[in-house]
Structure formats: structure tokens, C-alpha cells
Amino acid sequence: MERELALEVVRVTELAALASAPWVGRGSKMQADDAATEAMRRMFGSISIRGKVVIGEGEMDEAPMLYIGEKLGTGIGPEVDVAVDPLEGTELAARGLNNAISVLALAPKGQLLHAPDMYMEKLAVGPELAGRLNLLDPLSATVRKAARELDKPLSELTVLLLDRPRHAALMSELRELGVRIRLLTDGDVTGAMAPCYPETGVDLYVGSGGAPEGVLAAAAIKCLGGEIQGRLLPENDEQLRRCILMGISNPSRVLGTKDMAGNGDVIFAATGVTKGDFLEGVRYLPGRMAHTHSVVMRAATRTVRYIHTRHDLSLKAVERGEQAIG
């Protein structure tokens, strides 16, 4: 993939964030998601790729756009897999809470895991713990080993997980170990990325979340030098059949970063919709202007760029999602 593509795709997440921002705090998560999805789909039309959605808004009969298998781009350029979440954290945006983002990942054709829409057990760590832990180990053993590797007492180790009833046993075990627990209301992608950012203070991300979100997180974590391990959790025969149809013959196998994000290059881009741990949210400025804060990463060079952009919302090109936005 050409390196210039990394900067091109930021315009896609920027427009999706701008489109969903007016719905922040209005309690309408579907409207916010629909606005982001439509804007993202329009902007992809100006990107020079031959893209195919492998992680999207659902199957063709479930989603009118950005559905799995949809072709994206101008039809000229590299063949790429595309993973998208136009609004990661729809509930966060609807309630005006932190860490809602617009996010996407690109990789050469055949590199991104076609993850079915089901739960995935996850363990994500930053560079210092990459390659040192195993998802199959008991949680207590994993936490103790992490503390030893990081040379810190258990009482200073911070573990992040989604605040869900299904994690009650994990929370109880972690409290018995004496570690610090941070709970997320939503935001599975940014949660898994958190251990790669020292400023968050998070050492481990554990628990189960969406499998598609696991692939998006894997793309970012690969660029950041961390590691994610995941194991699909099909709940019935239909979900098991879906795994097999998507080419996953052994759903119980532990998937590593490369299994989810490939062996080659990958590009990850995200724009903040609401204020978060490492991205600002969309801010409106006087004179029909808006400010966005984005990150774009590339695995081949381990480059991480933060981009502050000011948009003139009075321009019709911005509203239509045409190329002139950049």
C-alpha cells in the first residue's frame, strides 16, 4: 500500500466524525450511527483503492451500506481489505460520554480476519508485555506474571475491562488479587488499545467484547508494537456455522495479532467524536468552523501521526463529503 494512502484515509474518519457530532448527547444512537455511516461511505468514493469490506455494519440484507463484501473506492489503486466502524461507541455518543470515535483499518487483500459478529475473549497488552503472556492461562497467573514482568506490585497493576454482568466473576477475581480495576461503559476498540498508551495507566485489557472490534483493535495494536490475543466464543450452532462459513475452521483456536491483522502492512485511522483518552472530540468554532483530532498509524514504519484539522462547515463540499474537504 502506498504511504500516501495513510493520509488519504484520515479524511474518511474525519467526515464520519463531523457527521455524527451533531447527534452527541441527544440520546439518538441510531441517528448518530446512520449519519457517520453515510458520510464514511460517501468519502470512500474519492479514495484510490479497490477495497472490499470485511468488517462492517453487517451483511447486505442487514445494512444498506458498508456491508460485508461491499466494494469501496474509485476502483483504481491497490486491492485492500477494509474494516470500519463509523461510530465506535454509539451509546457513548448518544449519552455525551467520552471515547466515541470513527475508526477504520486497511490492509492488503486477504490480510484482515473476516470476524463474525459474536463475542471474542481478549487479552491486550502494550509493547513491554508483548509475547510474554498467554490468553489460555488462568487470569490470576496472567496478572501475577504481568506484575513480575513490569516489576511492579500487584496493587499498582491496572486492568481494564468492559462493565458488563458477564464479567462479574473476572471482577471478583481481580479484586481478590488486589489489582486496580478500571471499567469501561463502552468503547471496545479504544479499550484494547489503552495498554499501548503509557499515559492511560492501563497495563492489561481483559474480558470479552465484539470480534469485529477485536480486528480493528489488532490493526492499531500492530502499529503500536503491542499484542492482542483473542478466542471466538460462539454461543450456538448458528454462530459456529457462521465461523466455518467465514473460513474459521477451529473457532476455539487462540488468534494472535498477525492472525487478525495479517503479516504485512496495515493502516489504522481514527477521529475523535467525543473527548477521549488519546483523541479530542469534535469541537465547534466561531464562524461555522469545526476542529477534529485524528490519529493515523502504519505498521510497516511504526509511524503514528496525530492530525489537528480545521474544517469550514459553510463549504458544501464538506457537507457532501467531496474530495475538497482535504
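Which residues does the domain assignment of the chain give to domain 1 and to domain 2? Domain 1 takes 3-109 + 266-312. Domain 2 takes 119-261. These bounds come from an automatic or database domain assignment.

## About the model

This is a predicted model: local features need pLDDT of at least 70, side-chain atom pairs count only at pLDDT 80 or more, and totals for chains, interfaces and linings use all residues. Residues are numbered from 1 along each chain as its sequence is written, and side-chain values use heavy atoms, without hydrogens and water.

The C-alpha centres of domain 1 and domain 2 lie 23 Å apart. Domain 1 brings 26 residues to the contact and domain 2 brings 22 residues. Contact here means heavy atoms within 4.5 Å. The two domains bury about 2000 Å² between them, with 71% of it on carbon and sulfur atoms. Buried area is the accessible area (1.4 Å probe) that two parts lose on being put together, summed over both.

One salt bridge crosses the interface of domain 1 and domain 2. A salt bridge puts a side-chain nitrogen of Lys or Arg within 4 Å of a carboxyl oxygen of Asp or Glu. Arginine 182 and aspartate 277 form a salt bridge through their side chains, at 3.8 Å, N to O. On the side of domain 1 that touches domain 2, 18 residues are nonpolar, one is polar and seven are charged. Nonpolar covers Ala, Val, Leu, Ile, Met, Phe, Trp, Tyr, Cys and Pro; charged covers Asp, Glu, Lys and Arg; the others, Gly among them, are polar.

## A stacked pair of rings

The structure holds one aromatic pair. Rings of Phe, Tyr and Trp (its six-membered ring) pair if their centres lie within 6.5 Å; planes under 30 degrees apart count as stacked, over 60 as edge-to-face and the rest as tilted. Tyrosine 197 and phenylalanine 278 have ring centres 4.5 Å apart and planes at 5 degrees, so the pair is stacked.

Tyrosine 197 sits in the loop between H6 and strand E8 (204-210), and phenylalanine 278 in the loop between strand E10 (267-272) and strand E11 (283-285), so the pair ties together parts 81 residues apart in sequence. Helices (H or I, at least four residues) and strands (E, at least two) are DSSP runs, numbered from the N terminus.

## Another salt bridge

The structure holds 15 salt bridges. In one of them, the side chains of lysine 122 and aspartate 188 meet at 2.4 Å, N to O. Lysine 122 is in strand E5 (residues 119-125) and aspartate 188 in helix H6, 66 residues apart.
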